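Reader: Before we look at anything, I would like to learn how to read a metal site and the surroundings of a ligand in a model of this kind.

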Amino acid sequence: MQKSLPYLAILIVLIYAIYNAKFRHVKKIETKTVSNYTKHIKEHTTSHYEEELLKLQTTQYARQYIINVINHGSKQFDFKGGEMEGGFASKKDAPKIACYVLELSGKQCKEPYPKDAAMFYSSICAGCHGDDGKGLGGTYPDLTKSKLLGIEKREMFLKSMITRSK
Ligand code: HEC
């Protein structure tokens with residue numbers, strides 16, 4: 001028994017060394033992979049933000065924003081008139097009304113909108129935003145602004161996220 005003690009000690013040291021080498025190694029790789037992954041996700045998200053920022057000035061972007069507001073409403077500002085609920089117009093009518101709204105700020109959709117869009121606007125939207133779209137003296141958002149408030153807000157958000165990641 002006494003004779004085998006040194007061998008036993010060596011064996012224990014060996015097992016410990018193997019265990020240590022193996023698991024420490026794995027841990028190192030894991031940490032590296034996770035941090036690369038996080039970096040990758042961050043870069044990826046930032047490139048999406050940059051892409052969106054480029055599109056933000058386009059009429060197409062404004063059109064989509066207005067359609068979203070018509071369908072889902074808007075609850076992001078602090079107007080005397082309160083919040084806007086979604087669904088004042090049907091999903092089918094939303095795109096042509098959006099084109100009419102764009103014209104209020106001098107923009108134009110690719111396709112001409114059907115004539116009844118103006119009728120829809122004046123019977124559904126004008127009660128709050130006014131026939132001229134100017135928002136009844138500040139009670140409601142002014143739809144004739146060249147950049148709508150929601151788009152301005154999104155632009156600020158995107159810019160801040162991009163600066164933060166650099
Ligand atoms: C009952 C009043 C009311 C009606 C009707 C109404 N809105 Fe609004 N709208 C509001 C209010 C209030 C807001 C701002 C809400 C907020 O986000 O705080 C708003 C916001 C908006 C915005 C965002 C403005 C910006 O600067 O970002 C758009 C676009 C818009 N409305 C279009 C329409 C259209 C198009 C219609 C008709 C289909 C319509 N609204 C009908 C009250 C109304």
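Author: The model is predicted. Donors are N, O and S atoms within 2.8 Å of the metal, with water not among the atoms.

Reader: Which protein donors does the iron atom of the ligand have here?

Author: The protein donors are M84, through SD, and H129, through NE2, and they lie 2.0 to 2.2 Å from the iron atom of the ligand. Because M84 lies in strand β2 (residues 84-85) and H129 in helix α4, the pair ties together parts that are 45 residues apart in sequence.

Reader: Why is the arrangement around the iron atom octahedral?

Author: Six donors count as octahedral if opposite donors are over 155 degrees apart and all others between 65 and 115. Here the six donor atoms around the iron atom of the ligand subtend angles of 88 to 180°, which makes the arrangement octahedral.

Reader: How many residues surround the ligand, and which are the closest?

Author: The ligand is surrounded by 23 residues, and the closest are Y65, M84, C125, C128 and H129. By class, the residues of this shell divide into 16 nonpolar, five polar and two charged, while α4 gives the most to the shell, with four residues.

Reader: Which polar atoms of S74 and L149 lie by oxygen atoms of the ligand?

Author: For S74 it is a polar side-chain atom, 2.6 Å from an oxygen atom of the ligand, whereas for L149 it is a polar backbone atom, at 2.8 Å from a ligand oxygen. An N or O atom in the side chain of Y65 is likewise 2.6 Å from an oxygen atom of the ligand.

Terms used:
Residues are numbered from 1 along each chain as its sequence is written. This is a predicted model: local features need pLDDT of at least 70, side-chain atom pairs count only at pLDDT 80 or more; totals for chains, interfaces and linings use all residues. Side-chain values use heavy atoms; hydrogens and water are left out. A residue is near a molecule or strand if one of its heavy atoms lies within 4 Å of it. A polar contact is a pair of N or O atoms within 3.5 Å; within protein, one must be able to donate a hydrogen and the other to accept it, and residues adjacent in sequence count only if both atoms are side-chain atoms. Helices (H or I, at least four residues) and strands (E, at least two) are DSSP runs, numbered from the N terminus. Ala, Val, Leu, Ile, Met, Phe, Trp, Tyr, Cys and Pro count as nonpolar, Asp, Glu, Lys and Arg as charged, and the others, Gly among them, as polar. Donors are N, O and S atoms within 2.8 Å of the metal (3.2 Å for Na, K and Ca); water is not among the atoms, so sites may look incomplete. Four donors count as tetrahedral if all angles lie between 85 and 135 degrees; four count as square planar and six as octahedral if opposite donors are over 155 degrees apart and all others between 65 and 115; anything else is irregular.
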